[in-house]
Amino acid sequence: MRHRIVRLAVVAAAVAVALFGFPLAVAVVQYAEIYKLLDLERLADRAALRVSADLTDEGDPNSGDLEDEATLTFLSLYDDDGTYLSGRGPELPEAMVHSALDGSVETGSADGLLLVAVPVAHDGEIVGAVRIAGSRDALLWPVTVAWLGMAGLALLAVGVVWGIARREGARLARPLDDLSTAACRLGDGDFSVRVPTVRYVEIDAVGSALNRTASRLDELLARERAFSAEASHQLRTPLTGLRLGLENALEQRGEDPWRAIARGLRATDRIERTIDELLALARDDRGAADPLDLGRVVQEAVDQWDPQFSAAGRPLRVDLQPDTPPALASAAAVRQVLAVLLDNALQHGRGEVEVSTRDVGGAVAVDVGDHGPGIVIPDSELFTRTGTSSGGHGIGLPLARRLAEAEGGRLRLARPTPPLFSLLLPAGSHH
């Protein structure tokens with residue numbers, strides 16, 4: 001591309017010089033010819049003054065006086081009836097000589113000569129004519145010098161344009177090379193690539209689009225990578241419950257297996273719904289949040305987890321305030337946050353677990369608490385993803401906080417002892 005820019009610039013400069021130089025060269029020739037004709041006319045006038053007395057005295061003018069080798073001009077003399085007298089010129093007078101005998105000053109060119117004819121006057125009467133001639137090429141030699149100078153300036157202009165185009169081409173090609181390199185890196189999977197801005201608006205627009213694409217791909221890849229970790233965490237408990245239910249059905253051989261199969265199918269439906277919700281949350285394609293009946297979602301979560309708490313000998317109680325407004329959040333995100341909090345209470349808590357909802361003015365809160373010994377981990381570590389933290393909370397709480405913040409809410413440890421977690425969500429209006 002760099003060479004193409006230089007080539008186009010040089011061609012454009014050459015065309016511009018030609019379009020400007022050719023008319024100027026023609027104008028220089030015309031100007032030089034007019035100037036030389038005026039010069040010849042002055043020489044002819046001086047010669048006419050010099051021979052006027054000789055013509056009246058019927059003398060024979062010296063033809064040598066009519067020749068000027070220094071100026072490359074040659075004169076010829078004619079009397080009043082057009083008879084050739086002396087000099088270097090045609091013996092038969094030309095039309096311009098007859099015009100000069102009539103009192104006119106004539107100029108022109110013929111056969112490579114510049115010609116001037118002037119009348120010779122004495123005491124107010126025309127007594128003859130002087131014709132002066134000179135080689136057109138010899139007289140216009142300064143034009144050749146001017147043309148050579150113009151050609152040199154044209155070459156200099158084209159050279160300057162070549163130098164500027166070469167520099168600007170390199171400057172323009174450099175960001176394009178950077179774009180090409182960035183595109184190749186992006187194609188190879190390096191989504192951290194970023195293109196710096198330059199002073200060219202069009203290239204900056206392409207670079208910004210490439211940066212946005214790289215950022216979006218990096219974000220999507222991070223979400224897809226996080227999905228496997230989040231899905232394994234969220235699916236661990238329902239899969240464990242399904243396995244325990246099936247193992248329990250195998251041990252109780254006298255029971256009707258259809259009940260175990262029905263429970264297994266319901267657990268499978270919950271697992272499938274969890275996977276769909278996690279995919280939607282990872283890809284962020286949930287759309288705008290509609291007012292959510294928070295009590296219904298909380299009750300569904302409690303019903304789902306009650307068998308596991310019962311199997312552990314721990315009561316699970318729910319307290320839904322009737323005047324709790326709907327929440328502006330997706331049901332998928334709320335269900336996953338509740339799943340994390342209930343799993344956390346089951347694995348690390350003690351005693352009764354209570355889930356309640358309340359109106360906190362402009363927001364709605366869902367509280368999940370138990371009667372465990374308390375949490376001594378700092379809040380900055382509790383909600384930081386560490387894989388397997390020292391307290392055993394792992395990926396769950398960081399995931400729950402991220403989901404809450406994505407819905408415009410907040411998840412916090414409201415009370416460390418006994419533990420109480422509060423999920424705050426934007427409140428909608430009652431219909």
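Hello everyone, and a word on ground rules. Because the model is predicted, local features need pLDDT of at least 70 and side-chain atom pairs count only at pLDDT 80 or more, while totals for chains, interfaces and linings use all residues. Residues are numbered from 1 along each chain as its sequence is written, and side-chain values use heavy atoms, with hydrogens and water left out.

Let's begin with the whole protein. There are 10 helices and 13 strands; helices (H or I, at least four residues) and strands (E, at least two) are DSSP runs, numbered from the N terminus. Of the 431 residues, 38% are buried. Here buried means under 20% relative accessible area, exposed means over 50%, and partly exposed is in between, with a 1.4 Å probe and protein chains only. The protein exposes about 23,900 Å², and carbon and sulfur atoms supply 57% of that. Those areas come from the Shrake-Rupley method with a 1.4 Å probe; for residues, only the protein chains shown count as cover.

Now, please find two helices. Helix α7 covers residues 294-311 and helix α8 covers residues 331-348; their axes come within 10 Å and cross at roughly 35 degrees. Axes are lines fitted to C-alpha atoms, for helices over the stretch in contact, and angles run from 0 to 180 degrees between N-to-C directions. Residues that meet across this pair include Trp-305 and Phe-309 in α7, and Leu-338 and Leu-342 in α8. By contact I mean heavy atoms within 4.5 Å.

Which residue forms a salt bridge with Arg-296? The partner is Glu-300, with the closest N and O atoms 3.1 Å apart. A salt bridge is a side-chain nitrogen of Lys or Arg within 4 Å of a carboxyl oxygen of Asp or Glu. Both residues lie in helix α7, four residues apart, about one turn of the helix. Glu-300 also meets Arg-335 in a salt bridge, at 3.6 Å from N to O. Arg-335 is in helix α8 and Glu-300 in helix α7, so this pair ties together parts that are 35 residues apart in sequence. Arg-335 counts as buried because its relative accessibility is 17%.

A further salt bridge joins Glu-354 and Arg-317, whose closest N and O atoms are 2.7 Å apart. Glu-354 lies in strand β10 and Arg-317 in strand β8 (residues 316-320), so parts 37 residues apart in sequence are tied together. In total, the structure holds eight salt bridges.

Ser-356 sits in strand β10 (residues 353-359) and is buried, at 12% relative accessibility. Ser-76 is in strand β2 (residues 73-79). Is Ser-76 buried or exposed? At 0% relative accessibility, Ser-76 counts as buried. Leaving out residues up to four places away in sequence, Ser-76 touches Tyr-84, Gly-89 and Val-130, among others. Ser-76 and Gly-89 are 13 residues apart in sequence and 5.3 Å apart in space, C-alpha to C-alpha.

One last stop: a cis peptide bond. Thr-417 and Pro-418 are joined by this bond, with omega about -15 degrees. Look for Pro-418 in the loop between β12 (410-415) and β13 (420-426).
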